[in-house]
Number of protein chains: 2
Amino acid sequence: MSASVTRNPGEHATVIDSEQVADDPETALTVAKIKALRQSIDNVDTAIVSLLAERFKYTSQVGVLKARAGFAPADYKREDYQIERLHHIAVGAGLDPDIAEMYREFVVTEAKKRHQRIADAGGDPGVLDVFA
Amino acid sequence: MSASVTRNPGEHATVIDSEQVADDPETALTVAKIKALRQSIDNVDTAIVSLLAERFKYTSQVGVLKARAGFAPADYKREDYQIERLHHIAVGAGLDPDIAEMYREFVVTEAKKRHQRIADAGGDPGVLDVFA
């Protein structure tokens, strides 16, 4: 596997591991609670990564349509609409709106990069097929 | 609204607007297709932002448990597990694994920042209540 975590020099880390805390009941309880929460976090990540897969399939189709019609990758009116919309959804869901905006910035930036690659390939979405 | 889109100087943009293309049937069809895809993209974003809200509620609880037990915000063994896991899910879902890794890096980095803020506040998750 090519990906790896960037370790910040000087950053403190604690490996949550049940073996190391077996002799301290209170710490063992904390570790058990963290493990249960991590399973829920993993379930959320499975759902989000699956939805991201669908999102990038949709934006790939948009990229092909834009390239063939001669439209540019960016559409600022659309981005303003998305910012306002996701801010509203975040507040209603109890999420820091800054997180929603960071999410939007991330996916829109990556989608536009892919739109440009499709445009550069003359409207061929095959350029994005990372598994080819 | 405080958030705004960063406009890159020189970046080309096209506003997809049905009014401007009413007299060209082919372009009108492309615009209609893009609008339908955008509705699906918006639906995916609603789901993802709602799931991110749940994810940060879970990680806030983890932050409180870590702070009270004296654990550091970072856990590299956990991060290695998440990298491997999300890479596998991305490939199975047809998503560029780089996108999954960027997603993981984003949420884990933000969760650790919030863990540190909870620790600095002596284990009080109220420090994250952006709506207070």
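Predicted model: local features only at pLDDT ≥ 70, side-chain atom pairs only at ≥ 80, totals over all residues.
Local features are given only at pLDDT of at least 70 and side-chain atom pairs only at pLDDT 80 or more, while totals for chains, interfaces and linings use all residues. Residues are numbered from 1 along each chain as its sequence is written, chains are lettered from A in the order in which they are written, and side-chain values use heavy atoms, with hydrogens and water left out.

**View 1. The interface of chain A and chain B.** Chain A and chain B each bring 79 residues to the contact (heavy atoms within 4.5 Å). The area buried between them is about 7800 Å², and carbon and sulfur atoms give 69% of this; buried area is the accessible area, with a 1.4 Å probe, that two parts lose on being put together, summed over both. In polar contact across the interface are 22 residue pairs, both residues at pLDDT 80 or more. A polar contact is a pair of N or O atoms within 3.5 Å; within protein, one must be able to donate a hydrogen and the other to accept it, and residues adjacent in sequence count only if both atoms are side-chain atoms. On the side of chain A that touches chain B, α1, α2 (76-93) and α3 (97-120) each supply at least two residues, and α1(A) gives the most, with 31 residues. Helices are DSSP runs of H or I, at least four residues long, numbered from the N terminus. By class, this side of chain A has 42 nonpolar, 14 polar and 23 charged residues; Ala, Val, Leu, Ile, Met, Phe, Trp, Tyr, Cys and Pro count as nonpolar, Asp, Glu, Lys and Arg as charged, and the others, Gly among them, as polar.

**View 2. The rotation axis at Ile48(A)**. Chain A is superposed on chain B by a rotation of 180° with 0.0 Å of shift along its axis, at an RMSD of 0.0 Å. This is the relation of a two-fold axis. Ile48(A) comes closest to the axis of the residues of chain A, its C-alpha being at 2.9 Å. The copies meet through the same surface, because 100% of the interface residues of chain A are also interface residues in chain B.

**View 3. Asp42(A) and Arg78(B) in a salt bridge**. The closest N and O atoms of this pair are 3.2 Å apart; a salt bridge is a side-chain nitrogen of Lys or Arg within 4 Å of a carboxyl oxygen of Asp or Glu. Arg78(B) lies in helix α2 of chain B and Asp42(A) in helix α1 of chain A, so the pair joins two chains. Both residues are buried (under 20% relative accessible area, 1.4 Å probe, protein chains only), Asp42(A) at 8%. Apart from neighbours within four places in sequence, Asp42(A) is in contact with Arg78(B), Tyr81(B), Gln82(B) and Arg85(B). Arg78(A) forms a salt bridge with Asp42(B), also with 3.2 Å between the closest N and O atoms. Between chain A and chain B the count is eight salt bridges.

View 4. Salt bridges that share partners join Glu79(A), Glu101(A), Arg104(A), Glu105(A) and Lys112(A) into one network.

Methods: Buried < 20%, exposed > 50% of the residue type's maximum accessible area, 1.4 Å probe, protein only. Least-squares fit on C-alpha atoms with pLDDT ≥ 70 in both.
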